Amino acid sequence: MSERLEDIAAAIVADGKGLLAADESSGTIKKRFDVIGVESTADNRRDYREMMFRSKEAMTKYISGVILYDETIRQNAADGTPLVDIIKAAGAIPGIKVDAGAKPLAGFPGDTITEGLDGLRERLADYYKLGARFAKWRAVIDIDTVRGVPSANSIASNTHTLARYAALCQEAGIVPIVEPEVLMDGAHSIDVCYDVSKATLVKLYDELYAARVVLEGSILKPNMVISGKKSGRTDSPEEIAEKTIKLFREVVPAAVPGIAFLSGGQEDEEATANLNAINAIGPHPWKLTFSYGRALQAAPQKAWSGKASNVAAGQAAFTHRAHMNHLAALGKWQPALEKAA
Ligand code: 5MM
């Protein structure tokens, strides 16, 4: 594989391929395992992730790269093979989450700031040696119109931090995945989501330019433009696609090679249907694909449920979701394909 940032970024968003976000921190993976009644031990976390990374069809045909957590990038499979080597053997690219999580933003109740810049240059050099060729940093922008959340200071601080992270990544030969997640947890309308996402992305690209980040060697990982979960409204895939693409055409430079969406709490099929609708109204100046965590993993987690005897079922569930999202990334998915499976 070429080591040019532009080539790594292009490989991440190769036609019909997307990212598996398997970078749950210890607290998050424990929550996921609690749901399926599995204890969150290092071995169980390894077994679960090894199951996905050894899903040959998914990893060779549909998944371009995997976002790992610090523990996972250093872990070996049960037979002693580094997990990173299993990912690379499938032709996928190992990546790493480098942020230290979102913390309350002092002076701005309800807003958060993502931490993790201290020592990042040294950590990136270490992760490069461990095989990572891309990284991810997630900024969290909540919406609560009653409380005035997000504040302008939250958007400014988070986008500035994302730009500093992205510049450090590129200095280290690592492609930055830039993730400003506008949460879909609130009671807001799709139009409020549009406005907040637009304010965030306008500021983000200002900051990335100011930090001299080479856009051709970066990937955007955004939310879709969608109503808040507590709004009581379910938007059609067509409306989500139309508003999401309108926003991106206004604010995301064409120099950005790809946009890899987060799923943000959408149901599995919903995330696939929305991605498909977005691609169905192309062509677009950027590749539009998936970087899903929950929407790729909910089904395999349930099918596996911590039992070695369920590994094949877990792999089948993971492969199916990866396949459906592969088709959606090409605008070729149809609901009937879910039933057929
Ligand atoms: C897989 O979840 C990632 C890690 O979350 P924590 O740091 O909170 O443990 C998360 O960053 C994820 O990559 C993105 O939010 C996208 O995941 P979804 O589930 O929204 O597709």
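**Figure 1. Ser305 is found in the loop between helix 12 (294-304) and helix 13.** The model shown here and in the other views is predicted. Ser305 is not a glycine, yet its phi is positive, at about 45°. With a relative accessibility of 22%, Ser305 counts as partly exposed, because the partly exposed class lies between the buried limit of under 20% and the exposed limit of over 50%.

**Figure 2. Arg212 sits in the loop between helix 9 (190-210) and strand 8 (219-220).** The phi of Arg212 is near 60°, a positive value in a residue other than glycine. Most residues other than glycine have a negative phi. Relative accessibility is 74% for Arg212, which therefore counts as exposed.

**Figure 3. Helix 11 (residues 268-280) packs with helix 13 (residues 311-329), their axes coming within 7 Å.** The two axes cross at roughly 20°, so helix 11 and helix 13 are roughly parallel to each other. Helix 11 passes helix 13 in a right-handed crossing. From helix 11, the contact takes in Asp268, Glu269, Thr272, Leu275, Asn276 and Asn279. Helix 13 contributes Arg321, Met324, Asn325, Leu327, Ala328 and Ala329. Sorted by class, the residues of this contact are five nonpolar, four polar and three charged.

**Figure 4. The peptide bond between Val149 and Pro150 is cis.** Its omega is about 10°. Pro150 belongs to the loop between strand 6 (134-141) and helix 8 (152-171). Most peptide bonds are trans.

**Figure 5. A cis peptide bond runs from Gly282 to Pro283.** Omega is near 10° for this bond. Pro283 lies in the loop that links helix 11 and strand 10 (287-292). Helix 11 is the helix whose contact with helix 13 includes Asp268 and Asn279.

Figure 6. Of the 341 residues, 55% count as buried. Among contacts between residues at least 6 apart in sequence, 78% join residues at least 24 apart.

Key. Residues are numbered from 1 along each chain as its sequence is written. This is a predicted model: local features need pLDDT of at least 70, side-chain atom pairs count only at pLDDT 80 or more; totals for chains, interfaces and linings use all residues. Side-chain values use heavy atoms; hydrogens and water are left out. Axes are lines fitted to C-alpha atoms, for helices over the stretch in contact, and angles run from 0 to 180 degrees between N-to-C directions. Helices (H or I, at least four residues) and strands (E, at least two) are DSSP runs, numbered from the N terminus. Angles under 35 degrees count as roughly parallel, over 145 as roughly antiparallel, 65 to 115 as roughly perpendicular and the rest as oblique. A crossing is left-handed if the near helix is turned anticlockwise from the far one by less than a right angle, and right-handed if clockwise. Contact means heavy atoms within 4.5 Å. Ala, Val, Leu, Ile, Met, Phe, Trp, Tyr, Cys and Pro count as nonpolar, Asp, Glu, Lys and Arg as charged, and the others, Gly among them, as polar. Buried means under 20% relative accessible area, exposed over 50%, partly exposed in between (1.4 Å probe, protein chains only).
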